[in-house]
Amino acid sequence: MIWCILIVGILLPQSLAHPGFFTSIGQMTDLIHTEKDLVTSLKDYIKAEEDKLEQIKKWAEKLDRLTSTATKDPEGFVGHPVNAFKLMKRLNTEWSELENLVLKDMSDGFISNLTIQRQYFPNDEDQVGAAKALLRLQDTYNLDTDTISKGNLPDPEHQRANGNLKYFEYIMAKEKDVNKSASDDQSDQKTTPKKKGTAVDYLPERQKYEMLCRGEGIKMTPRRQKKLFCRYHDGNRNPKFILAPAKQEDEWDKPRIIRFHDIISDAEIEIVKDLAKPRLRRATISNPITGDLETVHYRISKSAWLSGYENPVVSRINMRIQDLTGLDVSTAEELQVANYGVGGQYEPHFDFARKDEPDAFKELGTGNRIATWLFYMSDVSAGGATVFPEVGASVWPKKGTAVFWYNLFASGEGDYSTRHAACPVLVGNKWVSNKWLHERGQEFRRPCTLSELE
């Protein structure tokens, strides 16, 4: 009795703490193994039932032969003492054994396993969340109902994957070329986002965001694009990067967005993911009115926080960010690891606190978020871009790279052009990690300016 109470006490809290599977593809993979285990258990049950029926069938066949012989001459049959004894024995004991066999429930093992596993099953919230994700993907990427209902999406594991993926890329490139031609005609009217010179500028933010997710409406004229370069960066003569400088690429000019290539290794990524997976929880936002953390429909992901002191790889990653940016990471937030769910997204938002949110980072005591560093820890087959609707920029995930931008001007005022979003993941599994660097600790340092990163 005590043992049963202990088991119930262990299992009950887990069953009550629903994990929200649809918000994390990484954790959703556990459901595959759960279902595989149940299928194995179901097959064992079927085998046990088949064995039971086989025994009953053999018994029936034996008795069928015996009774056929006995009914031809009943008196002669029971006149033999051995036959009479066996008849008494069968009716007294063997038919009771057969009855017990027929009544025996072979499903106990399967039902027991199913009961245990059911506490980890998705619930109604997950099913509704996944359904809403399909609608969101359909709206964002302009998918017709027939296409999405048949699952005709670019799937790298599917036998038709290459054709689907190439077609998807063709459509994206075609749309991009159309918009690029239009931008060439408009020339420098798009140089700054404040000059409302195009039809795109007059669209609501939501539509701009969705267009950028599809690769449309990108506002970069050839003249501006010529000013973007790739280079090697040594972290202002940092000894760690003099012999092996970091590879940089300009992604955007205003705001300045820099991509670092091959900045985190596959081995480091796997360690970070392994550390984060057990801790992944539904991502929350801070309510601007109450200050409370709450889940919202426009942020579909799970996240975990990793400290530098708990693992040397996390510490090394933190120092790499400090060496390349010149910003002190001792006052930065812990490394946030995020994994996106079905149609996972984070709609347009600011990383920094606005003037109407003076207490946003009060508990940290480290001032506002001066800059954002974003690692891409996976490739994404389709979708999942980081977009900046205010300026018409799209940055696509590439495993092993990171992007960096300043959220604040030198004056400390927020740069509202850095408002950004994570587009819904159409196909694939998106892993990222963020490092938000704060104002405190930078007073007596000489951070790298974006012009020095050139």
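How are α6 and α9 oriented to each other? In this predicted model, α6 and α9 are roughly perpendicular to each other. The protein has 13 helices and 17 strands, and buried residues make up 46% of its 454 residues. Among contacts between residues at least 6 apart in sequence, 76% join residues at least 24 apart.

**Helix α6 with helix α9**

- Helix α6 spans residues 124-140 and helix α9 spans residues 205-213; their axes come within 9 Å and cross at roughly 85°.
- An angle from 65 to 115 degrees counts as roughly perpendicular, and α6 and α9 are therefore described in that way.
- On the α6 side the contact involves Arg136, Asp139 and Thr140, which meet Arg206, Glu210 and Cys213 of α9.
- Sorted by class, this contact of α6 with α9 contains four charged residues, one polar residue and one nonpolar residue.

**Helix α2 with helix α4**

- Helix α2 (residues 25-72) packs against helix α4 (residues 81-103) at an angle of about 150°, and their axes are 10 Å apart.
- This angle makes α2 roughly antiparallel to α4, since angles over 145 degrees are classed as roughly antiparallel.
- The crossing in which α2 passes α4 is left-handed.
- From α2, the residues in the contact are Lys52, Gln55, Ile56, Trp59, Lys62, Leu63 and Leu66.
- From α4, the contact is made by Arg90, Glu94, Trp95, Leu98, Leu101 and Val102.
- The residues of the contact of α2 with α4 comprise eight nonpolar, four charged and one polar.

**Helix α12 with helix α13**

- The axes of helix α12 (residues 266-276) and helix α13 (residues 312-325) come within 10 Å, with a crossing angle of roughly 120°.
- At that angle, α12 is oblique to α13.
- The crossing of these two helices, α12 and α13, is left-handed.
- Glu268, Ile271, Val272 and Leu275 are the α12 residues that meet Val313, Val314, Arg316, Ile317 and Arg320 in α13.
- The contact of α12 with α13 has six nonpolar and three charged residues, and no polar ones.

**The loop between α13 and β8**

- Glu333 lies in the loop between α13 and β8, the latter being residues 335-340.
- Glu333 has a relative accessible area of 11% and is therefore buried, as the term applies under 20%.
- The side chains of Glu333 and His438 are joined by a polar contact of 2.7 Å.
- Not counting residues up to four places away in sequence, Glu333 touches Trp305, Phe361, Leu364, Arg369, Lys435, Trp436 and His438.
- Val329 is also placed in the loop between α13 and β8.
- With 11% relative accessibility, Val329 counts as buried.
- Leaving aside neighbours within four places in sequence, Val329 is in contact with Asn318, Ile321, Gln322 and Leu437.
- Val329 and Leu437 are 108 residues apart along the chain, while their C-alpha atoms are separated by 6.4 Å.

- Ala382 belongs to strand β11, which covers residues 382-383.
- The relative accessibility of Ala382 is 3%, so Ala382 counts as buried.
- Ala382 and Pro424 are 42 residues apart in sequence, and the distance between them in space is 9.2 Å, C-alpha to C-alpha.

**Backbone geometry**

- Most residues other than glycine have a negative phi, and most peptide bonds are trans.
- The peptide bond from Lys254 to Pro255 is cis, and its omega is near 0°.
- Pro255 is located in the loop between β2 (246-252) and β3 (257-261).
- Asn142 has a phi near 50°, which is a positive value in a residue other than glycine.
- Asn142 sits in the loop between α6 and α7 (145-149) and is exposed, with a relative accessible area of 53%.
- Arg237 is not a glycine, yet has a positive phi of about 65°.
- Arg237 lies in the loop between β1 (230-233) and α11 (239-242), and at 58% relative accessibility Arg237 counts as exposed.

Key:
Residues numbered from 1 in each chain as written. Predicted model: local features only at pLDDT ≥ 70, side-chain atom pairs only at ≥ 80, totals over all residues. Heavy atoms only, no water. Axes fitted to C-alpha atoms, helices over the stretch in contact; angles between N-to-C directions. Helix = DSSP H or I, 4+ residues; strand = E, 2+ residues; numbered from the N terminus. Parallel < 35°, antiparallel > 145°, perpendicular 65-115°, else oblique. Left-handed = near helix turned anticlockwise from the far one by under 90°. Contact = heavy atoms within 4.5 Å. Nonpolar A, V, L, I, M, F, W, Y, C, P; charged D, E, K, R; others polar. Buried < 20%, exposed > 50% of the residue type's maximum accessible area, 1.4 Å probe, protein only. Polar contact = N/O pair within 3.5 Å; in protein donor to acceptor, adjacent residues only side chain to side chain.
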